[in-house]
Amino acid sequence: MIRHLFTLIWNRKRANFLLMAEILLSFFVLFVVSLLLVNNYHNYRQPKGFAPDNVWEFNVDPGQDTVDRKGTLRRLVQELQATPGVAAVTWTSSNTPYSFSNMNTDQYRYKDQKAPLTEVYDADDEMVRVLGQKVVAGRWFDRRDDAATHTPVVVNQKFAEAMFGQESAVGKVLTDDKRTRQWQVVGVIEAYRSGNDFAANEAALFERHVLQDTAQYGNNTLLVRVQPGSGAVLEQQLVRKIKAVTKGWDANVNTLAENRQDKLRIMLTPLVALGLVGGFLILNVALGLFGVLWYNISQRKAEIGLRRALGATGRGISRQFLGEMLVVTTLGVTGGLLLAVQFPLLGVFGLPPQVYALAMSLATLLIFALTAICALQPSRTAAGIHPAVALREE
Amino acid sequence: MENILAQSAVRPQATAATLAATAQPVIQLRDIEKVYQTKTIETVALNRVNLTIHKGEFVSIMGPSGCGKSTLLSIIGLLDEPTSGVIELDGRPVQSYSDKELAALRNQKIGFVFQSYHLINDLSVLDNVELPLLYRSGVGGRERRERAYAALDKVGLSARTNHFPSQLSGGQRQRVAIARALAGNPEIILADEPTGNLDSVMGEEIMDLLLGLNRQEGTTIVMVTHDEQQAHKTQRLIRFFDGSQVQ
């Protein structure tokens with residue numbers, strides 16, 4: 001019967017061509033939507049590399065106050081650290097987790113190896129206590145780095161693999177593209193996906209900055225890890241302390257959890273919009289398929305009657321129409337898969353191969369489910385056509 | 001392979017009386033009624049029809065348009081159910097049969113030939129002839145092919161196996177339809193005006209083919225026709241008028 005179905009579809013290739021083209025295009029749309037979903041899900045399942053819970057972000061702004069900014073900040077950090085309910089405080093650049101700020105560069109070199117585009121963060125010795133990054137090789141920054149001849153850096157595994165392959169990253173010295181600056185890797189962390197929950201695990205590098213008198217003033221963001229359960233009382237207490245120490249600097253506070261939600265909302269809006277457009281498109285395709293099948297069946301009533309006369313059961317007729325639709329879908333999907341497979345082969349989005357494979361499988365599954373659902377009712381109708389009546393149709 | 005068309009004219013014809021005396025009934029209709037009912041009109045298509053057809057018989061049914069001939073053929077062919085009455089095939093009543101059992105009976109016992117051929121235009125001649133065997137379990141692809149070739153050979157169309165129906169004349173199409181009926185090796189052939197769409201020469205050719213089948217293979221044939229001449233070539237002529245058997 002399968003051979004018969006293929007023969008029938010092949011002999012009706014002209015009539016089925018548009019249907020196959022529609023399925024091919026629908027498959028392609030589903031593939032792209034699936035790719036987006038699978039990639040986001042794949043990223044979501046990757047380790048974040050830090051713990052955002054119970055971390056508050058304070059942005060302080062000295063405004064016109066230019067007197068001893070570093071000294072003020074140093075005292076502020078000390079005061080905050082001494083506050084009961086505060087576990088640790090870190091002074092960092094503005095590209096904190098879930099912020100809308102980022103800094104990246106591809107200036108790093110190791111021998112002739114050029115670094116991938118790398119997110120760069122300023123970090124002090126306390127950051128690991130605040131954000132809880134998981135160090136998998138070497139160590140985080142500490143006082144031993146005060147005497148370092150090269151700027152100490154901690155990189156994530158993604159960066160380490162890209163630059164050093166299987167070799168240990170710890171101790172390796174990086175230069176910039178003009179070989180004027182040097183950085184030494186002191187540790188490797190597992191991952192750092194700080195953009196949003198669906199962000200990819202890109203290469204990341206943390207450069208050590210400490211609040212010395214010689215340090216350049218630039219960063220005015222503080223991340224504070226508080227004891228679990230801390231609330232508005234501690235927040236007010238910390239804001240009062242900031243006002244008292246800085247004598248009038250502006251300060252605002254957000255929790256990383258709030259920032260995460262804000263970012264998520266902004267990230268999800270286009271995804272939901274795209275999903276709706278995709279869904280609407282699929283609905284249109286489904287209605288189209290449904291219509292084509294109804295028309296097909298009404299045009300083939302005499303054939304249905306003939307097949308019943310020759311020994312087909314009602315269920316057999318239903319299976320035949322369903323089977324024909326699945327054969328057409330198989331041919332359309334085969335064409336779609338040939339196109340889709342070009343994406344990983346040509347490295348279009350640079351996603352992991354398993355993401356493409358999963359997206360193709362998902363799109364295939366969805367399109368088969370869609371066509372099967374659309375074919376089900378018309379096929380049942382075909383099965384219910386009375387053979388004697390159908391034979392009189394010509 | 002024996003070509004029926006070539007030999008049909010030389011075989012003697014058994015009489016209806018001989019058959020009635022010797023052969024067993026293959027189709028029996030008792031008090032068959034068929035009423036088509038709509039919201040406003042009730043149309044009696046068949047009115048208490050009693051009919052026995054014996055194995056190996058060639059029966060023709062005649063009557064004006066709308067007298068219930070095709071309805072009767074549909075009921076005999078298990079394509080339609082009577083409103084009341086009993087149908088027996090080989091002595092067994094078939095009313096209680098399920099859709100699956102009726103389909104199997106149609107497939108194994110009955111071959112259909114229609115006025116408008118009912119060939120599937122998108123299938124080759126060979127694929128069309130294979131169709132009944134496709135619905136028969138236990139018949140493999142090779143056997144299907146062989147039986148389809150043999151059936152086409154019987155009707156003298158073995159050179160046209162890869163043609164499509166649109167490439168054939170009306171007479172050739174009807175021969176393909178007969179080959180399709182033969183491929184399943186049925187005991188009964190039900191022919192609904194098989195020459196109705198053909199000119200007289202082609203009609204004669206098809207009639208000779210059916211007569212040959214009946215004489216050589218012993219196939220029971222029930223044929224609905226408007227052609228008095230052809231009807232008289234068969235062993236028994238039944239006339240219908242307004243849903244009732246009049247002769």
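Reply: Start with chain B and its overall dimensions. This is a predicted model. Chain B has 247 residues and a radius of gyration of 18 Å. A compact globule with 247 residues would come out near 18 Å, so chain B agrees with that expectation. Its C-alpha atoms fill a box of roughly 50 × 40 × 35 Å along the principal axes. Nine helices and ten strands make up the secondary-structure count of chain B. Of its residues, 49% count as buried. Take the contacts in chain B between residues at least 6 apart in sequence: 74% of them join residues at least 24 apart.

Now the meeting place. Chain A brings 21 residues to the contact, and chain B brings 23 residues. On the chain A side, four helices each supply at least two residues: α1 (2-11), α8 (301-310), α9 (314-340) and α12 (387-392). The largest share, six residues, belongs to α8(A). By type, the chain A side divides into ten nonpolar, seven polar and four charged residues.

That makes α8(A) the piece to zoom in on. It is mostly covered, with eight of its ten residues buried. The buried ones are Glu303(A), Ile304(A), Gly305(A), Leu306(A), Arg307(A), Arg308(A), Ala309(A) and Leu310(A). In an α-helix there are 3.6 residues a turn, so residues three or four places apart point the same way.

What does the covering of the buried residues of α8(A) include? Both chains take part. From chain A, the cover includes α9, α11 (353-384) and α12. From chain B, it includes α4 (99-109), β6 (110-114) and α5 (125-134). Two of the chain A helices named there, α9 and α12, also supply residues to the side that touches chain B.

Last, the record. An unreviewed UniProt entry lists "transmembrane region" for residues 16-38, 271-297, 325-349 and 355-376 of chain A. Two of these spans can be checked for geometry. In the model, residues 271-297 of chain A are 100% helix and 0% strand, and their end C-alpha atoms lie 38 Å apart. Residues 325-349 of chain A are 84% helix and 0% strand, with end C-alpha atoms 33 Å apart.

Key
Residues are numbered from 1 along each chain as its sequence is written. Chains are lettered from A and ligands numbered from 1 in the order in which they are written. This is a predicted model: local features need pLDDT of at least 70, side-chain atom pairs count only at pLDDT 80 or more; totals for chains, interfaces and linings use all residues. Two residues are in contact if their C-beta atoms, placed from the backbone, lie within 7 Å. Ala, Val, Leu, Ile, Met, Phe, Trp, Tyr, Cys and Pro count as nonpolar, Asp, Glu, Lys and Arg as charged, and the others, Gly among them, as polar. A residue is buried if 20 or more other C-beta atoms lie within 10 Å of its own, exposed if 12 or fewer, and partly exposed in between; C-beta atoms are placed from the backbone. UniProt positions are given in the numbering used here, feature names are shortened, and annotations may be inferred rather than shown by experiment. The radius of gyration is taken over C-alpha atoms; the globule rule is 2.2 Å times the number of residues to the power 0.38.
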